[in-house]
Amino acid sequence: MRHSKAEKRKTHKRIVALASRRFREQGLAGIGIADLMKEAGLTVGGFYKHFNSRDALVAEAVGLALELWKNQVDAAASGGPSVSYESLVDEYLSETHRNRPGAGCPVGALAGELARSDKRTRELLSRKIRDNIELLVTLIRKTKEVDEGSARSQAILTYCALVGAIGMARAVSDEKLSREILKTVAKRLKNPGS
């Protein structure tokens, strides 16, 4: 039975969304194509109708996940909740984000693995991280009277602190320490002098 192009696009998006979530939850090597396709209700052979390789799927899945902040900004522009530097910091360093890596930032969930991924994935990752840093620059300049260079430095520091803090908060087994990491880094990013 032949499927329409619209059905194929819908299936493709479903595979990418599922892979994006599972990679963030289990790691890039944590789930195989066979298991992923089975979960999607498809056959392994069907995978190659959508992707040239596993690396191609990884790149798309990571790229999709790195659209989270852009999607929030787009929603805010359409009348949704506003987005601010403080709201991004608070959301990123929340217990919800810590507890649900499959719905969160792929860099915070997969940084070490992404550093060893293929060239295409790393180029896409670089572009998306650059976009997220630029978003932070814009938000910082809206709330603070700083020049472009200072805002960019603060944005890079913020991005690195967010990723590092969420990774550490997930890694430790002590719930109290995990919460302390999240709260302390959030407070210091929003109030550097405190």
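Leu-114 sits in helix H8. This is a predicted model. The protein in it has 11 helices and zero strands.

**Leu-114 and its surroundings**

- Is Leu-114 buried or exposed? Its relative accessibility is 1%, so Leu-114 counts as buried.
- Set aside the neighbours within four places in sequence, and Leu-114 still touches Leu-28, Val-62, Pro-106, Val-107, Thr-121, Arg-122 and Leu-125.
- Another two, Thr-121 and Leu-125, are buried residues of H9.
- Ala-29 lies 85 residues from Leu-114 along the chain, and 11 Å separates their C-alpha atoms.

**The whole protein**

- Read along the sequence, the pattern is α-α-α-α-α-α-α-α-α-α-α.
- The C-alpha trace spans about 65 × 40 × 30 Å along its principal axes.
- Of the 194 residues, 40% are buried.
- Take the contacts with a separation of 6 or more: 65% of them join residues 24 or more positions apart.

**Helix H8 and its partners**

- H8 covers residues 106–114.
- The axes of H8 and H10 are 8 Å apart, and the two helices pack at an angle of about 85 degrees.
- H8 and H10 are therefore roughly perpendicular to each other.
- On the H8 side, Val-107, Gly-108 and Ala-109 make the meeting. On the H10 side, the residues are Tyr-159, Val-163, Ile-166, Gly-167 and Arg-170.

**Helix H9**

- H9 runs over residues 119–143, which makes 25 residues.
- From its first C-alpha to its last, H9 reaches 36 Å. That is close to the 36 Å expected at 1.5 Å a residue.
- Residues three or four places apart in an α-helix point the same way, because the helix has 3.6 residues a turn.

**Where H1 crosses H4**

- At what angle do the axes of H1 and H4 cross? They cross at roughly 80 degrees and come within 8 Å.
- That makes H1 roughly perpendicular to H4.
- H1 brings His-12, Ile-15, Val-16, Ala-17, Ala-19, Ser-20, Phe-23 and Arg-24 to the contact.
- H4 brings Arg-54, Leu-57, Val-58, Glu-60, Ala-61, Leu-64 and Ala-65.

**Aromatic rings**

- There are four aromatic pairs in the structure.
- One of them joins Trp-69 and Tyr-159 edge-to-face, with 5.8 Å centre to centre and 90 degrees between the planes.
- This pair links distant parts of the chain. Trp-69 is in helix H5, Tyr-159 is in helix H10, and they are 90 residues apart.
- Both Trp-69 and Tyr-159 are buried.
- Tyr-159 is also among the H10 residues that meet H8.
- Elsewhere, ring pairs link Phe-47, Tyr-48 and Phe-51 into a cluster.

**Cysteines**

- A disulfide is a covalent bond between the sulfur atoms of two cysteines.
- How many disulfides does a search of the whole structure find? It finds zero.
- Cys-105 is in no disulfide, and its nearest cysteine sulfur belongs to Cys-160, 11 Å away.
- Those sulfurs would have to lie within 2.5 Å to count as a disulfide.
- Cys-160 is likewise in no disulfide, with the sulfur of Cys-105 as its nearest, at 11 Å.
- Cys-105 counts as buried, at 7% relative accessibility. Cys-160 is exposed, with a relative accessible area of 52%.

**Leu-177 in H11**

- Leu-177 belongs to helix H11, which covers residues 175–190.
- Its relative accessibility is 36%, so Leu-177 counts as partly exposed.
- Leu-177 and Asp-74 are 103 residues apart in sequence. In space, they are 35 Å apart, C-alpha to C-alpha.

Definitions and conventions. Residues are numbered from 1 along each chain as its sequence is written. This is a predicted model: local features need pLDDT of at least 70, side-chain atom pairs count only at pLDDT 80 or more; totals for chains, interfaces and linings use all residues. Side-chain values use heavy atoms; hydrogens and water are left out. Helices (H or I, at least four residues) and strands (E, at least two) are DSSP runs, numbered from the N terminus. The expected span of a helix is 1.5 Å times one less than its number of residues. Buried means under 20% relative accessible area, exposed over 50%, partly exposed in between (1.4 Å probe, protein chains only). Contact means heavy atoms within 4.5 Å. Rings of Phe, Tyr and Trp (its six-membered ring) pair if their centres lie within 6.5 Å; planes under 30 degrees apart count as stacked, over 60 as edge-to-face and the rest as tilted. Axes are lines fitted to C-alpha atoms, for helices over the stretch in contact, and angles run from 0 to 180 degrees between N-to-C directions. Angles under 35 degrees count as roughly parallel, over 145 as roughly antiparallel, 65 to 115 as roughly perpendicular and the rest as oblique.
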